[in-house]
Structure formats: structure tokens, C-alpha cells
Amino acid sequence: MYSEKVMDHFTNPRNVGEIENASGVGTVGNAKCGDIMRIYLDIDDDGIIKDVKFKTFGCGAAVATSSMATELVKGKNVQQALEVTNKAVMEALDGLPPVKVHCSLLAEEAIHAALWDYAQKKGIKIEGLEKPPQDIGEIVEEEDY
Amino acid sequence: MRQIYLDNAATTCVKEEVLREILPYFTEDYANPSAIYSFAQKASQAVEDARRKAAELIGANANEIYFTAGGSESDNWALKAAAEAYNSKGKHIITSAIEHHAILHTCSYLEKQGYEVTYLKVDEYGKISLEELKKAVRPDTILISVMTANNEIGTIEPIKEIGKIAHENGILFHTDAVQAYGHIPIDVNEMNIDMLSASGHKLGGPKGTGLLYIRKGVKIRSFIHGGAQERNRRAGTLNTAGIVGLGKAAELAKAQMQSRAEYETKLRDHLISRVLSEIPYSRLNGDPKDRLPNNANFCFRFIEGESMLIMLDRLGIYASSGSACTSGSLDPSHVLLAIGLPHEIAYGSLRLTLSEETTLKDIDHTVDELKGIIKRLRDMSPLYADFISEKKGA
């Protein structure tokens with residue numbers, strides 16, 4: 001059901017861990033939905049993301065999207081990181097099954113939440129970044145019989 | 001790679017003896033068993049032999065067994081036909097919150113047709129309360145349907161007592177015995193059962209086979225229309241090979257039940273005790289004593305089930321999270337929520353279901369691998385990180 005890339009990022013996730021005294025930390029999702037992602041950013045004075053780590057509770061796709069999202073923002077500046085969309089994460093993973101698309105949204109939100117936290121701490125405003133929701137709403141699926 | 005199959009509640013490997021008995025009915029005695037010429041004799045005799053064997057396993061008469069295409073069909077038939085047949089008496093049905101979806105979704109279908117359904121709650125072990133059942137009974141109650149044993153957590157329900165309460169109140173009693181048939185002793189008379197659903201592939205028979213036991217005198221009508229098969233109650237050309245397979249599997253299950261249950265129970269208890277003692281923050285779901293011999297179901301805190309399954313799969317260990325029927329769903333198991341587990345714990349469930357082919361070595365290997373997998377996933381989990389830092393802070 002998962003692409004090879006997803007399996008690769010799930011079984012060998014990149015950037016797992018925590019950053020002490022991170023420039024920004026964002027946690028999104030909730031246990032009720034079954035996914036929680038936390039992303040740590042280390043951003044230098046020039047606004048470049050020097051390091052990024054994540055911790056995720058969730059399915060294979062949740063872990064893989066977190067891993068890929070961290071890879072995509074590493075080394076980028078804040079503005080470029082903001083442009084890493086869920087679509088970009090999905091494409092980089094060669095797609096996700098339809099029921100798992102929300103995982104990529106969560107990854108995007110986690111990056112945004114960490115950037116928001118960074119902006120709050122620095123007392124700056126990042127162009128185009130809005131306060132992220134506390135958690136992603138559950139995707140309502142039609143029941144089939 | 002060594003392969004360890006621990007999903008026998010999803011389906012089982014067809015037994016050699018079963019396969020051998022099935023094969024002639026594809027290419028040699030392939031005649032339609034309902035035909036009148038002599039060529040069909042062997043096939044029709046084989047179907048009747050299978051019917052007798054299937055009946056003997058539950059103390060029923062052969063003419064009370066109706067072959068179907070599986071457990072889900074049997075459940076649908078029993079509920080919808082009973083609802084239709086008895087709706088002049090009332091439109092109230094009692095079932096439990098932890099039934100298989102073949103029952104639950106059929107109930108919600110009936111609710112849309114104007115029936116009322118009471119879903120009995122279960123306790124922390126997954127058992128219904130007989131007192132609650134008595135309180136739920138109303139003058140317009142026409143059917144009680146409670147499963148013999150739960151497919152996810154393996155808890156065995158007090159079927160005999162439920163049937164007694166049903167009969168004292170003149171109510172029909174149906175039980176979904178898909179997981180229990182051939183695994184634990186069932187006697188339809190002693191246990192006051194009026195209708196019972198079973199499936200062939202959970203006990204070494206072929207998929208696509210099942211049966212509904214209907215006690216003589218229970219007046220439910222046909223569900224599949226179009227022919228006179230099964231005494232006008234279930235149309236469709238008889239699946240000779242499948243039925244023969246179910247019959248043979250039932251015969252073997254009856255003969256081997258005690259020794260197999262003893263063997264599986266020993267392995268199961270070894271598995272449970274190793275997991276609970278060696279993996280921190282783990283719990284057993286379901287009743288520790290009144291449970292299917294081959295079922296173990298655990299929750300591991302701070303991790304999510306699918307990740308665990310994929311990692312086990314990569315090591316050649318095949319297990320399931322809740323039931324295979326709901327693995328496409330994003331919601332945690334309705335059974336685990338019904339026994340009172342919060343969502344985040346219910347997500348971290350693992351069901352391991354054994355067979356007589358499972359060995360002690362398989363179990364030990366699985367537990368050894370599981371320990372590493374769970375540690376790895378916890379190291380990745382923000383819930384675990386928070387838990388540890390809170391613990392340190394406290």
C-alpha cells in the first residue's frame with residue numbers, strides 16, 4: 001500500500017530526535033486522531049534552518065511524512081521552508097494512499113507551527129505565516145456498507 | 001526469511017486433510033449436487049455428510065444446518081430475516097457493543113428500517129452484564145444477538161446464561177460464533193441457542209464457506225432467493241467443494257479440540273506472560289481466563305499499531321492490529337473503546353492469534369523482535385518523550 005520511498009522513510013527515518021533549546025518547536029495533531037507530530041528547528045541568525053529533528057506518534061505514513069518534511073526544510077531559509085507544502089512532501093514520497101493524505105497535511109502544519117514558535121520567540125513576523133491551528137480536524141470519511 | 005503467521009483469527013491455512021477431501025469435487029465428482037441423475041449422487045452425499053459433521057460439532061441436527069458463503073452472510077441472514085419474521089411481535093433487538101461489523105452494520109441498517117437496537121455495554125474485560133441484559137429486555141424485544149467469543153480480544157461471553165434469559169422471555173437468541181466454532185465447546189441445546197453463525201476458514205477450512213444453524217421451529221425465511229437448495233431457504237448452487245471442506249474441518253476440529261486448546265492455551269499464556277513482564281507499559285486486552293485459546297491482544301502505550309505491524313511484517317511476522325476487516329479504517333477499534341480504553345492507548349493495539357502449527361520458538365522469536373520494535377517506536381514518539389520528562393519532573 002505504501003511506495004518504496006514511504007517505506008524507506010518509515011524504516012530509516014531521517015532526523016529523528018529532539019533539539020535542546022531549539023529556535024522553534026511545533027506540535028500538531030492529537031492522540032484522538034492517532035497522529036502527533038513534533039518538529040524542532042535550529043535556525044541561525046541569517047534565518048537559515050541549520051538543523052531539524054522530529055518525533056512522531058502515528059502510522060507509517062505519519063513517520064515517513066515527518067521524515068521527508070524535515071529533509072525538505074533542512075538548509076533552507078525560513079521563507080523557503082514556508083513554501084514546503086503537503087503536496088511537495090507527498091510528491092517527494094512518490095505519493096500516499098488517499099486515507100493517508102492527512103499525514104502530509106500534518107507534516108506541513110508541524111513545520112508551520114515550529115516556524116510560528118520561532119517567530120514568537122524572536123518577536124518577528126514571517127510573511128505569509130498564520131497562527132497554526134492547535135490540531136488538525138479529523139477527516140470525515142463516508143462509511144460504506 | 002523465516003515466516004511466522006500469527007493472524008489465525010483473520011484466516012487459517014487450509015489443512016492438508018481438508019484439501020485432499022475437497023479436490024475430487026472440482027474435476028471428478030463435479031456434478032451439481034441438486035441434480036437427479038446418478039452422477040450427482042456422490043456430490044450430494046458428500047454435502048449431506050458435511051452437514052452432519054458440521055452439525056455434530058455443536059450438538060445440532062443435520063437438518064438444522066444451512067450452508068452459506070460465510071460468516072457475514074450468516075449474520076446478515078439471521079438478523080434481517082428474524083427482524084422481518086417477528087416484526088408483528090415487536091421491533092426491538094438487543095446486541096452488544098463489541099460485535100463484529102457484520103452484526104453492527106446490519107443492526108444500523110435495521111435501525112434505518114424502523115427497528116430499535118439496544119447495544120449492551122461491556123466491562124473492562126469485554127463481557128456483557130447479564131443484569132443489564134435483563135433490564136434491556138422489553139415486551140417488544142424479538143431478538144438477542146451476542147457473539148460467542150470476540151474476534152479482537154478473544155473474550156468468551158456467557159452464552160448459556162444469555163440464551164436462558166432470552167428463552168425465559170420468549171425471545172429468539174442468535175450468536176455469532178465465527179471465532180468460537182471448532183475452537184471451544186458449543187452445544188446449541190445446552191446453551192439455549194436458536195441461531196448460530198459460523199465460517200469455514202477460521203478452522204482450517206476454505207474461505208467463502210459458512211453456515212447458519214437454525215433451530216427447528218424458528219420461522220425465518222430465505223435471504224437469497226432463486227432456487228430450492230437448502231430446503232428452499234438458501235438459493236444458489238451448492239458449493240460442493242467448499243461445503244466438503246467445511247465439514248472435514250469441523251470433523252477434525254471436534255476430534256482435536258481438547259488437545260489443540262490445551263496446546264494453544266499453554267503457548268498463549270507463555271506469550272502473554274513474556275510480553276507483560278518484559279515490555280513496560282503494556283497491557284493485555286480481554287478476559288485473562290475466559291478467552292479463546294489462540295488469542296492474545298495487547299496495547300502498548302505511546303505507539304501506534306500500524307507502525308508496529310509494518311515493522312513486524314518486514315521481519316516476516318504477520319499480525320494484526322484490531323481485526324483485518326477494519327484495517328482500512330483510521331479509527332481505533334470499537335472493541336477497545338468499548339472496554340474503556342482511551343483513544344491514544346487503543347491505537348497501540350496488537351492482536352496475535354495462534355494455531356496448532358505455532359511453536360514455542362515462533363512465540364519467543366516474536367516477543368524478542370517485538371521488544372526491539374516497541375523500543376524503536378517509543379524512541380520516536382513525542383508521547384513517550386513527554387511521559388518520561390513528566391516522570392523525571394515529578
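**Labels and their criteria**

Student: What makes chain B agree with a compact globule?
Tutor: Its radius of gyration. A compact globule of 394 residues would have a value near 21 Å, and chain B has 22 Å, so the two agree. The radius is taken over C-alpha atoms, and the rule is 2.2 Å times the number of residues to the power 0.38. Along its principal axes, the C-alpha trace of chain B spans about 80 × 50 × 35 Å.

Student: What should I keep in mind about the model and its numbering?
Tutor: This is a predicted model: local features need pLDDT of at least 70 and side-chain atom pairs need 80 or more, whereas totals for chains, interfaces and linings use all residues. Residues count from 1 along each chain as its sequence is written, while chains are lettered from A and ligands numbered from 1 in the order in which they are written.

Student: What confidence does the predictor give?
Tutor: The complex has an ipTM of 0.87 and a pTM of 0.93. By residue, the score is pLDDT (the predictor's confidence, from 0 to 100). Chain B averages 96, with 97% of its residues at 70 or more. Chain A averages 90, with 92% scoring at least 70.

Student: Where in chain A does pLDDT stay under 50?
Tutor: Over residues 136-145 of chain A. The model has 11 contacts beyond four places in sequence for that stretch; a contact needs C-beta atoms, placed from the backbone, within 7 Å. Where pLDDT is low, the predicted coordinates should not be read in detail.

Student: How many helices and strands does chain A have?
Tutor: Five helices and three strands. These are DSSP runs numbered from the N terminus (helices H or I, at least four residues; strands E, at least two). Along the sequence, chain A reads α-β-β-β-α-α-α-α. Chain B has 14 helices and 12 strands.

Student: Why are H2(A) and H5(A) called oblique?
Tutor: The axes of H2(A) (residues 60-73) and H5(A) (residues 101-122) cross at roughly 40° and come within 9 Å. Axes are lines fitted to C-alpha atoms, for helices over the stretch in contact, with angles from 0 to 180 degrees between N-to-C directions. Under 35 degrees is roughly parallel, over 145 roughly antiparallel, 65 to 115 roughly perpendicular, and the rest oblique. H2(A) and H5(A) are therefore oblique to each other.

Student: Which residues of H2(A) and H5(A) meet?
Tutor: Among them, A:Ala62, A:Thr65 and A:Ala69 in H2(A), and A:Cys103, A:Leu106 and A:Ala110 in H5(A). By class, this contact has nine nonpolar, three polar and no charged residues. Nonpolar means Ala, Val, Leu, Ile, Met, Phe, Trp, Tyr, Cys and Pro; charged means Asp, Glu, Lys and Arg; the others, Gly among them, are polar.

Student: What makes H4(B) roughly parallel to H5(B)?
Tutor: Their axes, those of H4(B) (residues 71-85) and H5(B), cross at roughly 30° and come within 9 Å. That angle is why H4(B) counts as roughly parallel to H5(B).

Student: Is their crossing right-handed or left-handed?
Tutor: Right-handed. The label applies if the near helix is turned clockwise from the far one by less than a right angle, and left-handed if anticlockwise. By contrast, H3(B) passes H9(B) in a left-handed crossing. H3(B) (residues 41-56) and H9(B) (residues 240-278) pack at about 35°, axes 8 Å apart.

Student: How many residues of chain B are in contact with chain A?
Tutor: 20 residues of chain B, in contact with 20 of chain A. On the chain B side, the elements giving two or more residues are H5 (101-112), H10 (305-314), H12 (343-346) and H14 (382-393). H10(B) gives the largest share, four residues. That side divides into 11 nonpolar, five polar and four charged residues.

Note on methods. Two residues are in contact if their C-beta atoms, placed from the backbone, lie within 7 Å.
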